[in-house]
Amino acid sequence: MENKPRHSARQVALGGLLFALSLLLAWLEATLAPLLGLPPGIKPGLANVVVMYALYFLTAGWAARLVVLKALFAFLVRGGAAGALSLSGGLCSLGVMLAVRFISRRKASVLAVSVAGAVSHNLGQLALASLWLSGGFSFAYAPVLVVSGVCMGAFTSFTLRAVLPALEKAGLAPKG
């Protein structure tokens with residue numbers, strides 16, 4: 001029986017580049033958030049542009065790999081709590097984005113998918129943090145996280161749309 005590679009060399013190289021880019025953007029947004037005066041736990045979501053790209057132009061599997069790798073990196077660099085929060089938010093976000101795309105038969109706008117993902121990312125992290133801190137879900141910070149999720153989700157959507165022409169030119173996204 002012949003063993004066929006599961007992924008082409010191009011896909012693996014692109015996956016590595018996307019992972020590196022997501023780490024760079026995560027560092028950039030962590031640096032920018034305090035300078036922008038954002039409330040605790042609120043970030044622009046730049047690294048999520050990469051996950052959304054993978055979701056739209058690769059596969060859900062590649063998007064999931066990026067979420068897990070980003071969480072593993074957070075665990076290694078910032079500790080267990082950061083890794084767990086990254087993983088909980090990332091998996092909630094990806095699950096909701098996939099659900100929105102599935103329910104809408106892939107017709108949901110990038111904006112709707114991005115906002116739903118950002119809000120669920122924030123609430124997934126809040127749920128885990130609430131379990132750790134008080135043993136129950138705390139709604140006190142939820143309104144801040146929902147509003148910021150809508151704003152940052154829109155920002156992520158607009159950012160992805162802004163870079164699409166360059167990705168199309170590079171042959172990394174279909175034209176149209």
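Modeller: Buried means under 20% relative accessible area. This model is predicted.

Colleague: How many of the twelve residues of α2 are buried?
Modeller: The buried residues of α2 are Leu46, Ala47, Val49, Val50, Val51, Met52, Tyr53, Ala54 and Leu55. Helix α2 is therefore largely enclosed by the rest of the structure. The count of buried residues is nine of the twelve.

Colleague: What covers the buried residues of α2?
Modeller: The cover comes from other helices. It includes α1 (9–35), α3, α4, α5 and α6.

Colleague: How far apart are the end C-alpha atoms of α2?
Modeller: Helix α2 has twelve residues. At 1.5 Å a residue they should span 16 Å. The model agrees, with the end C-alpha atoms 17 Å apart.

Colleague: At what angle do α2 and α3 pack?
Modeller: Two packed helices are described by the angle between their axes and the distance between the axes. For α2 (residues 46–57) and α3 (residues 60–78), the axes are 7 Å apart. The angle is about 155°.

Colleague: Is α2 roughly parallel or roughly antiparallel to α3?
Modeller: Angles over 145 degrees count as roughly antiparallel. The angle here is about 155°. That makes α2, relative to α3, roughly antiparallel.

Colleague: Which residues of α3 make the contact with α2?
Modeller: Helix α2 contributes Ala47, Asn48, Val50, Val51, Ala54 and Leu55. From α3 come Ala60, Trp62, Ala63, Leu66, Val67 and Lys70.

Colleague: How many residues of that contact of α2 with α3 are nonpolar?
Modeller: One residue of the contact is polar and one is charged. The nonpolar residues number ten.

Colleague: Where is Leu55, and is it buried or exposed?
Modeller: Leu55 sits in helix α2. Its relative accessible area is 4%. The cut-off for buried is under 20%, so Leu55 is buried.

Colleague: Which residues does Leu55 touch, not counting residues up to four places away in sequence?
Modeller: Phe139 is 84 residues from Leu55 along the chain, and their C-alpha atoms are separated by 30 Å. With residues up to four places away in sequence left out, Leu55 touches Ala60, Ala63, Leu94, Met97, Leu98, Arg101 and Val113.

Colleague: How far apart are the end C-alpha atoms of α4?
Modeller: Helix α4 runs over residues 80–103 and has 24 residues.

Colleague: What covers the buried residues of α4?
Modeller: The buried residues of α4 are Ala82, Gly83, Ser86, Ser88, Gly89, Gly90, Ser93, Leu94, Met97 and Arg101. Their cover includes α2, α3 and α5 (110–134).

Colleague: Which residues does Ser120 touch, not counting residues up to four places away in sequence?
Modeller: Ser120 lies in helix α5. At 11% relative accessibility, Ser120 counts as buried. The C-alpha atoms of Ser120 and Val146, 26 residues apart along the chain, are 8.3 Å from each other. Leaving out residues up to four places away in sequence, Ser120 touches Cys92, Ser93 and Val96.

Colleague: Which residues does Thr156 touch, not counting residues up to four places away in sequence?
Modeller: Thr156 is in helix α6 (residues 142–169). Its relative accessibility is 5%, so Thr156 counts as buried. With residues up to four places away in sequence left out, Thr156 touches Pro44, Gly45, Asn48, Val49, Met52 and Ser114.

Colleague: How many disulfides does the count come to?
Modeller: A disulfide needs a pair of cysteine sulfur atoms within 2.5 Å. Cys92 is partly exposed, at 35% relative accessible area. Cys151 is partly exposed, at 47%. The count of disulfides is zero.

Conventions:
Residues are numbered from 1 along each chain as its sequence is written. This is a predicted model: local features need pLDDT of at least 70, side-chain atom pairs count only at pLDDT 80 or more; totals for chains, interfaces and linings use all residues. Side-chain values use heavy atoms; hydrogens and water are left out. Axes are lines fitted to C-alpha atoms, for helices over the stretch in contact, and angles run from 0 to 180 degrees between N-to-C directions. Helices (H or I, at least four residues) and strands (E, at least two) are DSSP runs, numbered from the N terminus. Angles under 35 degrees count as roughly parallel, over 145 as roughly antiparallel, 65 to 115 as roughly perpendicular and the rest as oblique. Contact means heavy atoms within 4.5 Å. Ala, Val, Leu, Ile, Met, Phe, Trp, Tyr, Cys and Pro count as nonpolar, Asp, Glu, Lys and Arg as charged, and the others, Gly among them, as polar. Buried means under 20% relative accessible area, exposed over 50%, partly exposed in between (1.4 Å probe, protein chains only). The expected span of a helix is 1.5 Å times one less than its number of residues.
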